[in-house]
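Dear colleague,

Please find below the structure that I am handing over to you.

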Amino acid sequence: MKPVKELRIEWAPASRKPALRALLAEFAAAIGEPAPDAEGFARITRALDDGRIAFALASDGADPIGMCSLTAGFSTYGAAPFGLVDDPCVDPTRRGGGVARALLEAVTAEARSRGCRSLLIGCSDGDVGMWKHFGFRKIGNLMATDLPGS
């Protein structure tokens, strides 16, 4: 593990879009998925510019080393907004240094500021223990489908 010397968390401004794109590509590769193509990244950029998604970026000095996104939804079950945590990624050489915890703390604070009463995350079986360590609990199965034509 390479030690983190100067951890900084910021909400991705327009000037950090190249770093965000590189981290999204790294995240996709880590989970065996293709990186967003130009059209996909343009949609992500529009969602970021419109405030539909926010990205917390972790840096060590000027070097981007991690990210996590937050999107808000509304739960009829809880009758309140919720935050969807997505795209958590930390440079493999920086894991174990508190970067994921700092990102989650930033996402949690932002979700609270948006009135969210809970956070949700979909994760692989291998990551369940990590998320439980951060206070999440398993509540069933999260299912997804692609919408044809969209």
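In what follows, contact means heavy atoms within 4.5 Å. Please note also that this is a predicted model.

I begin with the sheet. Five strands make up an open sheet of mixed pairing, in the order β1-β2-β3-β4-β5. Because β1 and β5 each have a single partner strand, they stand at the edges, and one side of each is left without a neighbour in the sheet. On average, neighbouring strands are turned by 25° against each other, direction ignored. At one end of that order, β4 and β5 are paired in the parallel sense over 3 bridges. Within these strands, Val85 is found opposite Ile121 of β5.

Two helices deserve attention alongside the sheet. Helix α1 packs on the sheet, where it touches β2, β3 and β4, and its direction makes about 85° with that of β3. Helix α3 comprises the 15 residues 99–113.

Which residues of α3 are buried? They are Val99, Ala102, Leu103, Leu104, Ala106, Val107 and Ala111. The elements that cover them include the strands β1, β2 (54–60), β3 (63–75), β4 (80–90) and β5 (119–121), together with α4 (128–133). In an α-helix, residues three or four places apart point the same way, because there are 3.6 residues a turn. Just after α3, Gly115 adopts a positive phi of about 85°.

Arg16 counts as buried because its relative accessibility is 16%, under the 20% limit. Its side chain is joined to that of Ser59 by a polar contact of 2.8 Å. Apart from its neighbours within four places in sequence, Arg16 is in contact with Glu10, Leu57, Ser59, Ala62 and Pro64.

Finally, I turn to the cysteines. The structure holds 0 disulfides. For Cys68, the nearest cysteine sulfur is that of Cys89, 9.9 Å away, whereas a disulfide needs the sulfur atoms within 2.5 Å. Cys68 is buried, with a relative accessible area of 3%. Cys123 is likewise in no disulfide, and the nearest cysteine sulfur to it, that of Cys68, is 12 Å away. With a relative accessibility of 33%, Cys123 counts as partly exposed.

With kind regards

How values were computed:
Residues are numbered from 1 along each chain as its sequence is written. This is a predicted model: local features need pLDDT of at least 70, side-chain atom pairs count only at pLDDT 80 or more; totals for chains, interfaces and linings use all residues. Side-chain values use heavy atoms; hydrogens and water are left out. Buried means under 20% relative accessible area, exposed over 50%, partly exposed in between (1.4 Å probe, protein chains only). A polar contact is a pair of N or O atoms within 3.5 Å; within protein, one must be able to donate a hydrogen and the other to accept it, and residues adjacent in sequence count only if both atoms are side-chain atoms. Helices (H or I, at least four residues) and strands (E, at least two) are DSSP runs, numbered from the N terminus. The expected span of a helix is 1.5 Å times one less than its number of residues. Two strands pair if DSSP finds at least two bridges between them. Axes are lines fitted to C-alpha atoms, for helices over the stretch in contact, and angles run from 0 to 180 degrees between N-to-C directions.
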